[in-house]
Amino acid sequence: MPLGKEPPEIIKQRLFYQGRKFNFEVTRLRLPNKAEGDWECIRHPGGALAVPVTPEGKLILLRQYRFAAQGRLLEFPAGTIELNEDPFSTIQREIEEETGYHANKWQKLGEFFLAPGYSDEIIYAFLAQDLHPLEKPPEQDEDEDMETVFLTPEELEKAILSGEPVDAKSVTSFFMARPFLK
């Protein structure tokens with residue numbers, strides 16, 4: 001079923017802010033059940049994520065500093081979809097930039113809303129296999145503070161269940177990929 005196919009009636013847009021990665025709006029809406037009110041929403045172009053698996057069956061993750069969380073989170077490589085870019089092109093670019101690996105085999109796992117209570121962001125998840133290290137990895141973005149981490153699926157599951165900080169898109173994508181992991 002397509003995601004998000006029952007739009008509310010827009011009565012009045014009150015506030016709008018255009019940011020670097022996403023926009024923020026406050027809009028008076030009439031919902032399908034006829035309720036009216038002001039709702040805040042982050043409008044995001046979406047993101048693409050890879051669950052990269054080495055030939056040895058290890059998962060490649062990043063321990064990345066996130067200012068909003070005020071700490072480091074364990075995450076799969078991911079990135080924001082650029083204007084006129086499809087999710088698959090986004091993740092092919094991001095996996096090389098963030099991990100220094102190229103994947104020869106790709107499989108779409110699915111897509112999901114990240115936080116539909118306040119954002120329209122959709123994550124497009126892919127399984128990346130047949131990985132090979134790049135001879136010369138691209139430069140990372142200046143604002144990225146991350147280290148590469150290799151874990152078995154069992155080690156990642158243990159980290160998630162023990163409460164280690166792992167972001168929601170990575171937890172969701174890991175469980176989507178689990179049937180395909182050895």
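Strands β1 and β2 form a hairpin, with four residues between them. The model is predicted. Strand β1 covers residues 9–18, and strand β2 covers residues 23–30. The two strands run antiparallel. Eight bridges join them.

How many of the ten residues of β1 are buried? The number is zero, so strand β1 lies largely in the open.

## A buried glutamine

Now turn to strand β9, which spans residues 122–133. Q129 is found in this strand. Is Q129 buried or exposed? Its relative accessibility is 17%. Buried means under 20%, so Q129 counts as buried.

Which residues does Q129 touch? Leaving aside residues up to four places away in sequence, Q129 touches V53, A103, N104, K105 and F180.

Helix α2 runs through residues 153–161, and helix α3 through residues 168–177. Their axes come within 11 Å. They cross at roughly 140°. Angles over 145 degrees would count as roughly antiparallel. At roughly 140°, α2 and α3 are therefore oblique to each other. The crossing of α2 and α3 is left-handed.

Where do these helices meet? On the α2 side, the residues are P153, L156, E157 and I160. On the α3 side, they are V171, F174 and F175. By class, this contact has six nonpolar residues, one charged residue and no polar ones.

Notes. Residues numbered from 1 in each chain as written. Predicted model: local features only at pLDDT ≥ 70, side-chain atom pairs only at ≥ 80, totals over all residues. Heavy atoms only, no water. Axes fitted to C-alpha atoms, helices over the stretch in contact; angles between N-to-C directions. Parallel < 35°, antiparallel > 145°, perpendicular 65-115°, else oblique. Left-handed = near helix turned anticlockwise from the far one by under 90°. Contact = heavy atoms within 4.5 Å. Nonpolar A, V, L, I, M, F, W, Y, C, P; charged D, E, K, R; others polar. Buried < 20%, exposed > 50% of the residue type's maximum accessible area, 1.4 Å probe, protein only. Pairing = 2+ DSSP bridges.
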